[in-house]
Structure formats: structure tokens, C-alpha cells
Amino acid sequence: MIRLLLTILAGVLLGGVVHLVSVLALPRIASQDAYSRLTPMTKLNEVTQLPLADPSHSPMPLMDPAFAVAICRYDLSTGPLKLTVPVSQAYTSVSFYTRNEVAYYAINDRSAGKKVIELDLMTEAQHNELPEDEEITAADRLIIDSPTSTGLILLKALAPEPGLMPQAQASLAASSCKVQTEPVAAKQEAPPPLPAPAPPPAARKR
């Protein structure tokens, strides 16, 4: 019985220590997330290629040296974003993350079925402001809703052989990620009905 009580007491003390260490370390960990680490080396709403990964240096953890990698650090507060990524000869993928590194969408050249991955990124509120147009379909215009106004877009192009890495980097260099210059048109509300015409005046009796 005493041994069981000591075990429970030790577990409670250990849990308290772990909780205290987690609380004290949280501010330091939060300041070193992917968005914060990439801020000094990337430009807002622009595609920035990252240096190739090597054993001595890697801009991000778990980078595959067979891939050319680029980042678009976006901010949708000034308007929706237009993303255009030419696909490479081997494989190209685009992944979307919120400010807190939560993945919410991904697409590759196979699923896109085109030589260029092209889409519009916007918040749900900005999407709701788009005019209703029956001619715009998902195939003609791919629209992605971002859960947050800021986040990261990860672009990756595969180089199956080391000699093909310049081609993979060139495809990412031709990519663009910029705020749309044309303002987003608001939904047009139906005009109020015209007032009913006044009845004609009654004819005067002679």
C-alpha cells in the first residue's frame, strides 16, 4: 500500500515538473516556428527559393536533397493571392499551411493535370465577396480558402538525378505568388423594385 502511494506521488510530482517545464519553454518554442524562422529569408507575397539541403545546413528540418524547395509567405489582408507554378519534368507539389503550421490543402502536377498549377488563394470572407458567375467552374478557376489571413505555401520540384536539379530550380524560379491587382468585385444585389405607376386621373364629367 505504501509503495502504491509513493508511486502515485512520484507520478504527480513528475507530471508537475513536465508541465512547468512545458509552460516555461513555450514562449521560446513559439518564437522559433517555421513562419518565424522563414521571415528573415523570405519576402511577403513573393516566391523565394531556399538553399539546397546539405548535411551541414538546412533551412528547414527534414528537407529532402532531391527536391528544389521554394516558399511563399503570404498575407491576405490586402487581397486574394494569385499563385502560378510551372510543373517540372519529374514531379511538382504545392502545399498550404496556416500561420501555426497546420496543413489544409495540397496539390501536385498529377492532380492538376496541367503544365501549370494555377489557383487563387483567399480567405472565406473574400471568397464570399466574389460575384456569382455560372461560367466560372472549378476546372476553370481553382479557388482555395485559407483558414487564416497569413501562412506559408511550400513549393517542391523533384530532381530524380543531381544533373536535373537546375531544371527543377528553374521551374520554381518561374513561379509567381502575388496579390491580385484587380479589386475583388462585390456581389451585386438585385435593384429594388420600381414603384408602381400612379393610376391615371379620373376623367372629368361634363
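Modeller: Ile 2, Leu 6, Leu 9 and Leu 13 make a nonpolar surface patch of about 440 Å². Patches are made of residues with over 30% relative accessible area and no salt bridge; like charges are joined within 9 Å, nonpolar side chains (Val, Leu, Ile, Met, Phe, Trp, Tyr) within 5 Å. Accessible areas come from the Shrake-Rupley method with a 1.4 Å probe, and for residues only the protein chains shown count as cover. This is a predicted model: local features need pLDDT of at least 70, side-chain atom pairs count only at pLDDT 80 or more, and totals for chains, interfaces and linings use all residues. Residues are numbered from 1 along each chain as its sequence is written, and side-chain values use heavy atoms, with hydrogens and water left out.

Ile 2 sits in helix α1 (residues 2-30). Helices (H or I, at least four residues) and strands (E, at least two) are DSSP runs, numbered from the N terminus. Ile 2 has a relative accessible area of 64%, so it is exposed. The classes are buried under 20% relative accessible area, exposed over 50%, and partly exposed in between (1.4 Å probe, protein chains only).

Now helix α5 (residues 165-173). Its buried residues are Met 165, Ala 168, Ser 171 and Leu 172. They cover an arc of only 125 degrees around the axis, so they lie on the same side of α5. The arc is that of the directions from the helix axis to the C-beta atoms. An α-helix has 3.6 residues a turn, so residues three or four places apart point the same way. The face of α5 turned away from the buried side carries the exposed residues Pro 166 and Ala 173. Cover for the buried residues includes β1 (47-49), β2 (67-75), β3 (81-86) and β8 (150-158). Contact means heavy atoms within 4.5 Å.

A disulfide (a pair of cysteine sulfur atoms within 2.5 Å) joins Cys 72 to Cys 177, S to S 1.9 Å. Cys 72 lies in strand β2 and Cys 177 in strand β9 (residues 176-179), so the pair ties together parts 105 residues apart in sequence. The link of Cys 72 and Cys 177 is left-handed, with -45 degrees about the S-S bond. Both Cys 72 and Cys 177 are buried. The count by this rule is one disulfide.

Next, strand β6 (residues 116-123), which contains Leu 121. Leu 121 is buried, at 0% relative accessibility. Beyond its neighbours within four places in sequence, Leu 121 contacts residues including Tyr 74, Leu 81, Phe 96 and Ile 153.

Finally, charge pairs. The whole structure has three salt bridges, each a side-chain nitrogen of Lys or Arg within 4 Å of a carboxyl oxygen of Asp or Glu. Lys 82 pairs with Asp 120, closest N and O atoms 3.0 Å apart. Lys 82 lies in strand β3 and Asp 120 in strand β6, so this pair ties together parts 38 residues apart in sequence. Asp 120 is buried, at 1%. Lys 82 is partly exposed, at 25%. Lys 82 also forms a salt bridge with Glu 118, at 3.7 Å between the closest N and O atoms. Arg 110 pairs with Asp 109, at 3.1 Å. Salt bridges that share partners join Lys 82, Glu 118 and Asp 120 into one network.
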